[in-house]
Amino acid sequence: MNDVSSPKRPHIDVDHEARRFRINRENYKSQEIFEREKELIFSRCWLYLGHASELPKKGDYVTRIVGGRQLIFAHGRSGELKAFFNSCTHRGATVCRERKGNKKSFTCCYHGWVFSNEGKLLSMNTDHGFPDDINADGNLNLRVVPRLEEYRGFYFVNYNPTAISLYDFLAGARDCIDAICDQSDSEMVILPGEHTYTIKANYKYLIENSSDGYHLLPVHATYFDYLNDRFKGTKDEGAVDKLVKGYYKMGQVRCLGNGHTILESMVPTGRPVASWIEPWGLEVKEEIDAIRDRLENKFGKERMEYISETQKNLIIFPNLVINDIQSITVRYIEPESHNFMRVTGWALGPAEESAKLKAIRLDNFVSFLGPAGFGSPDDIEMLEICQKGVEGSPIEWTELSKGMSESEDLLTRTGGPDDEVQFQAFWAQWDRVMRNLDKLEA
Amino acid sequence: MSKKTISAQEAEQFLYLEAELLDDWRLPEWAELYSDDASYEVACPNADDPKTDSPATSLFLVSDRKDRIIGRAVRLMKKTAHAEYPHSKTRHLVTNVRLLESSADVAKVKANFCVYRTKEDNTVMYMGEFNYTLVRQDGELKVRLKRAILDLNSLYEQGRLTIIL
């Protein structure tokens, strides 16, 4: 490998004095840089694998692609959740070809090797030819992913055995995850169904877009038209105009350390927890008021309002988005090349939510989010035309200076909701990891 | 008012009309084909049971009631619906139309579909099965329910679903 700490050209160009922050466009369009990202970012950072609620029973499993590796996330017979590489230790075939299910064991269909749902090799489908003690040290068991840790039900893997803990990695993002999970009095769960789709663009464009307050009004005008129509003749009539005029004054962006960021804003979409809008009807207002009361009793008024009313676009470096907006989406981004990504989006909600509020949550989700909503597809179009534009242009730098400060630490500062300081934090961390200045090791 | 049972041919011609309006991007007229209590739904490609799952308990790709059916038509006619500007070229093929149940006022209809969508130089396909409930209101057929069940496991090849199936 080349000396990555001194790339041919700098990845980013930071000039505090001039308040400029620029990204070298090679970072979006170079396959060579993507190959280095696989080695330095996706082999060292904590990557989202799945949620505990997806595997409620012993034997439940899902298969996932995470950081380019084929994984099985399984609820083993001992009751523990485990992550294995989905590859037979004999010839390498994937031992599980289903996306999800419940199994006591995984059988490789090539030569019939059988592994327990804890990964232990149970049978080699033969009684002769191999040494008796061939698996005495367990080397032929399914290979366990070096690190698997969880925070509030969100399970992450790390391919670096000596990585810092997930807890330390998440840094300031933990408090934001708490605010999202504390919506529930019991636990948060992934609701049935998932959106899996692809975008012909560099994955970092989606990370940027997922917490970009600046793009909201130009890109999502048709969504706000739709909301405006919904609010006609209700108490919320005029709320969209107010948003258009005052968006940049309400809320903020906070950089949470280690490249994680959150956009906190006020958008009048209604939130199942716990901001009522009139089109939902009076019958759910009572329920939402009761949730607000419960949250206020438990956490105090200020935290209740933060949990209930503030829209949160949370980015977990390098490739997870948890957006608690008109609904909650957990969005995992799997880059496949420098200009192509696979995206999976799930809906998250409180386990104890009533049928009516859950229906509203899911309806709010598809009104905007996902590959057929009124919002996300227009975002996707933006990312694809960015990719097309940078690949066909000699311009070397992308300008991301909005909100740039003269002195503050890029990884932990704050800015306005339509600033670009969250991208500055992401890219500053990305540059540190890519240049080996931060190995994310204990 | 007609007391005649909704016939297979009538249902078929109605589905073809809908397909034509969509391919011609006459979306406001398309929305008028739907009754006031209508739903237009596209189940997630990998849903556990896309035929019987409910959008009230499972995530769908599309779950529109009449206000959002109109909203979708209105949105997609705007230049600011960036994902569909310029409009894709589409071709809806609707085949194997089967009348499952029928009376003078209500019919349940199944059909197979393949929709080709071309955006710039790329063409993708959406294929699967439609489940319709059609109703006769004031002498005219309307859609009360249209659910599309895709023969896909994801939108990996298609990327997104911004046209109406």
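**Notebook: salt bridges, interface and local geometry**

I began with a search of the whole structure, which returned 50 salt bridges over all chains. I note that the model is predicted.

**Entry 1: a salt bridge within chain A**

I looked up Lys204(A) and found that it forms a salt bridge with Glu37(A), with the closest N and O atoms 3.0 Å apart. I then asked which elements hold the two residues: Lys204(A) lies in helix H5 (residues 203–209) of chain A, and Glu37(A) in helix H2 (residues 31–40) of chain A, so the pair ties together parts that are 167 residues apart in sequence.

**Entry 2: the interface of chain A and chain B**

I turned to the contact between the two chains, to which chain A gives 39 residues and chain B gives 34 residues. The size of an interface is often given as the accessible area lost when the parts come together. Here I recorded a buried area of about 3,200 Å², with carbon and sulfur atoms giving 51% of it.

I next asked how many salt bridges the rule finds across the interface of chain A and chain B. The count is nine. I looked up one pair, Glu381(A) and Lys119(B), whose side chains meet in a salt bridge at 3.2 Å, N to O.

Which elements give two or more residues to the side of chain A that touches chain B? I listed strand S14 (195–199), helix H6 (216–219), helix H7 (221–231), strand S20 (340–350), helix H11 (355–368) and helix H12 (376–391) of chain A. By class, I sorted the residues on this side of chain A into 17 nonpolar, eight polar and 14 charged.

**Entry 3: packing of H7(A) on H8(A)**

I followed H7(A) to helix H8 (residues 239–246) of chain A, against which it packs at an angle of about 145 degrees, the axes being 8 Å apart. From H7(A), I noted Phe224(A), Leu227(A), Asn228(A) and Phe231(A), which meet Val240(A), Asp241(A) and Leu243(A) in H8(A). I classed the residues of this contact as five nonpolar, one polar and one charged.

**Entry 4: a sheet in chain A**

I traced an open sheet of four strands in chain A, with the order S6-S5-S4-S7 and antiparallel pairing. Strand S6 (81–85) and strand S7 (100–102) of chain A stand at the edges with a single partner strand each, so one side of each has no neighbour in the sheet. Neighbouring strands of this sheet are turned against each other by 25 degrees on average, direction ignored.

Strands of a sheet pair through backbone hydrogen bonds, either parallel or antiparallel. I checked strand S4 (residues 60–66) of chain A against strand S5 (residues 69–75) of chain A and found antiparallel pairing over six bridges. I also noted that Val66(A) has Arg69(A) as its bridge partner in S5(A).

**Entry 5: backbone geometry**

Most residues other than glycine have a negative phi, and most peptide bonds are trans. I therefore looked for departures from this pattern.

Ala274(A) is in the loop between strand S16 (260–265) and helix H9 (282–299) of chain A.

In chain B, a cis peptide bond joins Tyr85(B) and Pro86(B), with omega about -10 degrees. I placed Pro86(B) in the loop between helix H3 (66–76) and strand S3 (89–102) of chain B.

Finally, I recorded phi of Trp25(B) near 55 degrees, a positive value in a residue other than glycine. Trp25(B) is in the loop between helix H1 (8–23) and helix H2 (27–32) of chain B.

Terms used. Residues are numbered from 1 along each chain as its sequence is written. Chains are lettered from A and ligands numbered from 1 in the order in which they are written. This is a predicted model: local features need pLDDT of at least 70, side-chain atom pairs count only at pLDDT 80 or more; totals for chains, interfaces and linings use all residues. Side-chain values use heavy atoms; hydrogens and water are left out. Contact means heavy atoms within 4.5 Å. Buried area is the accessible area (1.4 Å probe) that two parts lose on being put together, summed over both. A salt bridge is a side-chain nitrogen of Lys or Arg within 4 Å of a carboxyl oxygen of Asp or Glu. Ala, Val, Leu, Ile, Met, Phe, Trp, Tyr, Cys and Pro count as nonpolar, Asp, Glu, Lys and Arg as charged, and the others, Gly among them, as polar. Two strands pair if DSSP finds at least two bridges between them. Axes are lines fitted to C-alpha atoms, for helices over the stretch in contact, and angles run from 0 to 180 degrees between N-to-C directions.
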